[in-house]
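Here is a short briefing on a protein model. Please look at the sequence and the structure first, then read the notes below.

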Amino acid sequence: MKIEWFLEGKNTIAVVGVSANPEKWGYKIYQTLKRTFRKVYAVNPKYAEIWGEKCYPDLKSLPERPDVVVTVVRPEITEEVIRTAKDIGIRRVWMQPGSESREAIEFCERNGIECVHSVCFMMDGLKKRGDGNG
Amino acid sequence: MGTDDLEEIRKRKMEEMLKKIKYPTKPLELNEGNFEELVKRYPLIVIDFWSERCPPCRLIAPLIEELAKELSGKVVFGKLDVDRNPSTATRFGVMAIPTLLVFRNGEVVDRIVGAVPKEFILGRLRKCLDEDVKK
């Protein structure tokens, strides 16, 4: 597995646990990834939209299957999310530090889902690359 | 002169060369001002691209301290704060942290992304050290 594959700009990303609060990581990560990747979907059942953009209640509601799911939620929610991810055929999951659990990681390993954990997005690096690519 | 003799000479020359360089036993603090000079000064230097706000970076920080001590004389370790030095991180394509970049004679020869066990880092570095001895 190469982490670089997760970071390819052509990927479609779903961020599970997007927040409307600009102070929270769920907001910062979503906004930063939007600058870098082709298409980024917000997922959180609490919101119908976030700052004017559509927010989906779960992965099954998305209009297309994302290449990568990023989790910014509590570990027990991540465990639910990856089960849905498996059901709809998602092959790559990036668990932001704090959202991972041993059970979630082992579930991914058992089910052939590539899983990144213990790594943070380099927010400035992504932002600058995104700015450069338009 | 046999192959074993040549191998012995290579090893001895490498050891002599390494003795001439003053090796630190703690990770060096790198920044955009001293980066170029330090990566060129040491034959093998590992730079830990990190941030205070990144929990996995804090997880591997003690390992880097230990490795700097244990491998002193062979490998130099350095740390670069990506929040304070974003342009260096971007220049080397660091998009996730922690990232360890291994420089040999000023060139990137290996990249380890994420908080990985100490043995994993050691294994990758041994490869670099073995290649140095063969040269």
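What share of the contacts in chain B with a separation of 6 or more comes from residues 24 or more positions apart? Such residues account for 72% of these contacts, where a contact means that two C-beta atoms, placed from the backbone, lie within 7 Å. The model is predicted: local features need pLDDT of at least 70, side-chain atom pairs count only at pLDDT 80 or more, and totals for chains, interfaces and linings use all residues. Residues are numbered from 1 along each chain as its sequence is written, while chains are lettered from A and ligands numbered from 1 in the order in which they are written.

**Chain B as a whole**

- Chain B has 5 helices and 6 strands; these are DSSP runs numbered from the N terminus, helices being H or I with at least four residues and strands being E with at least two.
- Along the sequence, the pattern of chain B is α-β-α-β-α-β-α-β-β-β-α.
- The C-alpha trace of chain B spans about 55 × 30 × 25 Å along its principal axes.
- Of the 135 residues in chain B, 30% are buried, that is, 20 or more other C-beta atoms lie within 10 Å of their own, with C-beta atoms placed from the backbone.

**The sheet of chain B**

- In chain B, 5 strands form an open sheet with mixed pairing, in the order 1-3-2-5-6; two strands pair if DSSP finds at least two bridges between them.
- Strand 1 (28-30) and strand 6 (107-113) of chain B are at the edges with a single partner strand each, so one side of each has no neighbour in the sheet.
- Strand 2 (residues 44-50) and strand 5 (residues 99-104) of chain B pair in the antiparallel sense over 6 bridges.
- Leu44(B) stands opposite Arg104(B) in strand 5 of chain B.

**Where the chains touch**

- The contact takes 13 residues from chain A and 14 residues from chain B.
- On the side of chain A that touches chain B, strand 8 (120-121) and helix 5 (123-133) of chain A each give two or more residues.
- Helix 5 of chain A gives the most to that side, with 4 residues.
- Strand 8 of chain A pairs with strand 4 (residues 96-97) of chain B in the antiparallel sense over 2 bridges.
- Within strand 4 of chain B, Ala96(B) is the bridge partner of Phe121(A).

Methods. Buried ≥ 20, exposed ≤ 12 C-beta atoms within 10 Å, placed from the backbone.
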